[in-house]
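Look at the model first, then read the points by topic.

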Amino acid sequence: MRKKDHSAESLRDDLKKIVGPDNVVADQSEIDCQGVDVWWITRYRMFRGDDFPQPLAIVFPEDKGQVAALVKFCNLHKIPVVPRGGGAGDSGGSLAVSGGITVDTKKMDRVLKINEKSLTVRVQPGILQKHLEEYLNRRGYTMNHFPASFHTSTLGGFVSTNGTGVLSSKYGKLTDMVHQLEVVLPDGTIFKSLPVNRHSTGPDFSKLFIGAEGTLGIITEILCKIYPLPEKRAFLSFLLPNLRDGIEVGRKIMASGLQPCIMRFYDERDTGHILKNQYDMEGTGCFLMVGFDGLKEMVDVQTRLAHEIISQAEGTELGDKQAWNWWNDRLKSYYPPLDYVCEPWMTAVTDTVAPYEDIENVYRAMKSAVEDGFGKYGAVFHAHFSHWYDWGTSIYPSFMIKDTPGDYAEAMKLYKEILDACIQAAIRNGGVVNEHHAIGLRLGRLIVDGYGRESFELIKTVKKALDPNNIMNPGKLGLGEGEANGF
Amino acid sequence: MVFDQKTTEILKMCRCCFMCRHACPVFLATKLDADTPRGHALLISRIDQGLSEWTEDTIDKIYRCSQCSLCKELCEFKWGEDLVVQAGRENIVSGGREPEAVKNLARLLIDRRPVHNKPAKEQKLQRAAVRGGQTDVLYFAGETAFYKHPEIVEATAVVLDSMGINWAMLENEGSTGVELFELGYSGEARKVAGDLAGRIMDIHPSILITGCAHAYRAFKELYPQWGIDALQGIQIHHITEYLINKMSEGVLRLAQDPALSGVAYHDPCQLGRKMGVYDAPRNLIKAVTGNPPAELFHNRGEAECCGSGSVMYLTNPDTAIKVARRRMESVLQESAKSVITACPNCKNILIKTDADMHSGVKVLDIVELIASQVKGKCEDKSR
């Protein structure tokens, strides 16, 4: 194939030869709809009427052969390729800021094979998580992955961002859920990691692509763990005296070898809302909810042991009714009227994760960075701790400024200043740039701070080795020129 | 601002919310974000804010919605995305921008001319089942049954005659107006509806029954909303409700044949989700087969549209068929030998899809199933 200069039209003609005419879309309506994700900047800009960087075409491959041919073609012609799943991220990760083409994976949505002996399922990346879960539930299984965007996002998107669901304290992140990945590399070759992820046959190279946000290739097949549907669920809810005691209770539960599938611990501000809205009571302290699932006897024993640990911390038991409500409505809070999405208020989540010895300092430093640093704008900080491990826990903070500056440049500057101050406070105290929403465009400039300049060189080296023409999702993950496009 | 306050509020809620993508049968068939409820809200919102103009492309997307309301059903806060599409279409029509296919269809509906290309067996039907004059029960077949699936009308005649019901049909039914309404011709819809209501009342029936789920919703829900109160004094039933009542009264007597088991039931959106009729058809199936129908994985309020909603099978047949294929795949997942539905429009698209897919599933309207098992069939005195 010879390299040629493409007009938009000739490019689309060539793409149609690869994936068929029905699978190349250049409708402005689709481009507009794919131009907005859940990131505040995207929404803010779109409704100001700003012109957005747009792809020349959106392509819907139907199999890995088409993906490989597409990527090979784009590599030859140095055309940027933006892989896309559900497009519902909050960091601009699937925006075509450098033009080129968007490769939408949603027509690759088949379950290829379920293995009930090894408890695995082999899936194409474009399946909605909701549909995969339904497929499994019909057969008595579950993937135990329930993130906020469960209904709308694709498994491939979750793998590419190394996402996390509400049951992560027991079942982990996507990196823990994946056995094997098949990936089309930027030169069009197809890489398949080993069929198991516990081996001594070199590094587990599937890890290179989990969380890579499509900067190193396009995932075309995923082998995931599955579990039998649980026999029983049980919950405990307590009000604990303060943040420090609550973190210690959580640490003890995880360190004791118990396996809560859910552990959610809320700071004082969030707890105030929970007590008022769900318990109709006033009070101070921090709210803790713990859940167990699995075989009935194991759930009963673990619930009893967790109850003992929490009781020793002088917690006030609040029963399990509200926890059950939370579980049953676990996705409800992501529907409008969700102020974060519906209002032009400036918001962001700044989730991070740190070891237990650092986590309280990380929390206090982030809170101070937002409220002390930007109090004059009415910045409000609140957080919960929702993904617990035996070595540490995540913090899921959000900030919000309702009175967003009217001037565009001032608003952008303020947004980045708050985000930078908050994340850098986390990094300085032992946290990382992000825990489960990924980097995208939103946090790309901070990733060097997170790794340190020398360590980040390795990431750049890997990127350059795999993608010398920088065609794969340029500008994301701090690997490119996203900032230059005004993001 | 182009749209009213209620529409604007829904636009604000839905334009950046991704949470009902999984619910949209058109998105599931096309995989386009512009075909999602969020996509519709986003596109219309940009027009509302003066950031975009209507284009052929956006108009096409707004007409690629079956208005099945599954998005609303599965929305935790029940935001009326279907109202947004409705408002969008009304705005398109008021500006004379509707696609040619829509315009042509609307003209036929307004003029009470058949919208289906080939009025199959029409003449035979006229002889077999259509009767005028004074009557207790007026049966409204709906255009799809009358012209495309007269076997449904014939089956209805068998069932009604078996009970000795004094029934009749209108000579030229025409549209209920619901199709025009859903296409954005709200004013014309009201006129057509008012005319039909007047013709119905000329016959003075005490009971109005219909096997068309769209017509049922029109008579029972939309006419009162539109201020058409001519039908207020008469009972309005979907045929399944009417037959269940007759069965409980001992008037409708059915033979039970377990060999007919193994059927699945597809909930028509208009009958189930929009009008809440779920049990009557299931109970009738059970009465005839001895067993409840096999449930499709998404059923009752969460049933996915078959693609015929909002006359999409006439305005966007390719998209409608793609939607129908997904629904037929759900039937195949249950290993059902046949699928029963309770709306001629559902039957119409499912039977075509079944043929395209060579799936070998028999598609029947529920009245056909009932007609095969009625006891004491009466001679039709009009024949």
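Chain B has a mean pLDDT of 92. In that chain, 93% of the residues reach 70 or more. Residues 378–383 of chain B fall below 50 in pLDDT. Where pLDDT is low, the predicted coordinates should not be read in detail. This is a predicted model throughout.

**Confidence**

- For the complex, the predictor gives an ipTM of 0.95. The pTM is 0.95.
- The stretch 378–383 of chain B has seven contacts in the model beyond near neighbours in sequence.

**Where the chains meet**

- On the chain B side, 27 residues are in contact with 35 residues of chain A.
- Three helices of chain B each supply at least two residues of the side that touches chain A: α1 (5–14), α3 (37–48) and α4 (56–62).
- By class, the side of chain B that touches chain A has 15 nonpolar, five polar and seven charged residues.

**Domains of chain B**

- Chain B is split into domain 1 (5–98), domain 2 (122–248) and domain 3 (258–371).
- Between the C-alpha centres of domain 2 and domain 3 of chain B lie 21 Å.
- Domain 2 of chain B brings 29 residues to this contact, and domain 3 of chain B brings 25 residues.
- On the domain 2 side, at least two residues each come from α9 (143–148), α10 (150–162), α11 (178–183), α13 (213–225) and α14 (239–248) of chain B.
- The side of domain 2 of chain B that touches domain 3 of chain B has 13 nonpolar, eight polar and eight charged residues.

**A helix pair in chain B**

- Helix α1(B) packs against helix α6 (residues 81–94) of chain B at an angle of about 120 degrees. Their axes are 9 Å apart.
- Because of that angle, α1(B) is oblique to α6(B).
- The crossing of α1(B) and α6(B) is left-handed.
- From α1(B), the contact uses B:Thr7, B:Ile10, B:Leu11 and B:Cys14. From α6(B), it uses B:Glu81, B:Leu83, B:Val84 and B:Ala87.
- Six residues of this α1(B)–α6(B) contact are nonpolar, one is polar and one is charged.

**Domains of chain A**

- Chain A is divided into domain 1 (8–106), domain 2 (111–228), domain 3 (232–328) and domain 4 (339–437).
- The centres of domain 1 and domain 4 of chain A, taken over C-alpha atoms, are 30 Å apart.
- Seven residues of domain 1 of chain A and nine residues of domain 4 of chain A take part in their contact.
- The side of domain 1 of chain A that touches domain 4 of chain A has four nonpolar residues, one polar residue and two charged residues.

**Helix pair α14(A) and α15(A)**

- Helix α14 (residues 356–371) of chain A crosses helix α15 (residues 408–428) of chain A at roughly 160 degrees. Their axes come within 8 Å.
- The angle is why α14(A) is roughly antiparallel to α15(A).
- α14(A) and α15(A) make a right-handed crossing.
- On α14(A), the contact residues are A:Val362, A:Ala365, A:Met366, A:Ala369 and A:Val370. On α15(A), they are A:Ile418, A:Ala421, A:Cys422, A:Ala425, A:Ala426 and A:Arg428.
- In the contact of α14(A) with α15(A), ten residues are nonpolar, none is polar and one is charged.

**Helix pair α9(A) and α11(A)**

- Helix α9 (residues 243–255) of chain A and helix α11 (residues 296–312) of chain A cross at roughly 150 degrees. Their axes come within 10 Å.
- α9(A) and α11(A) are therefore roughly antiparallel to each other.
- The crossing of α9(A) and α11(A) is right-handed.
- α9(A) contributes A:Val249, A:Lys252 and A:Ile253 to the contact. α11(A) contributes A:Ala306, A:Ile309 and A:Ile310.
- The contact of α9(A) with α11(A) has five nonpolar residues, no polar residue and one charged residue.

Note on methods
Residues numbered from 1 in each chain as written. Chains lettered and ligands numbered in written order. Predicted model: local features only at pLDDT ≥ 70, side-chain atom pairs only at ≥ 80, totals over all residues. pLDDT = per-residue confidence, 0-100. Contact = placed C-beta atoms within 7 Å. Axes fitted to C-alpha atoms, helices over the stretch in contact; angles between N-to-C directions. Helix = DSSP H or I, 4+ residues; strand = E, 2+ residues; numbered from the N terminus. Parallel < 35°, antiparallel > 145°, perpendicular 65-115°, else oblique. Left-handed = near helix turned anticlockwise from the far one by under 90°. Nonpolar A, V, L, I, M, F, W, Y, C, P; charged D, E, K, R; others polar. Domains from an automatic or database assignment.
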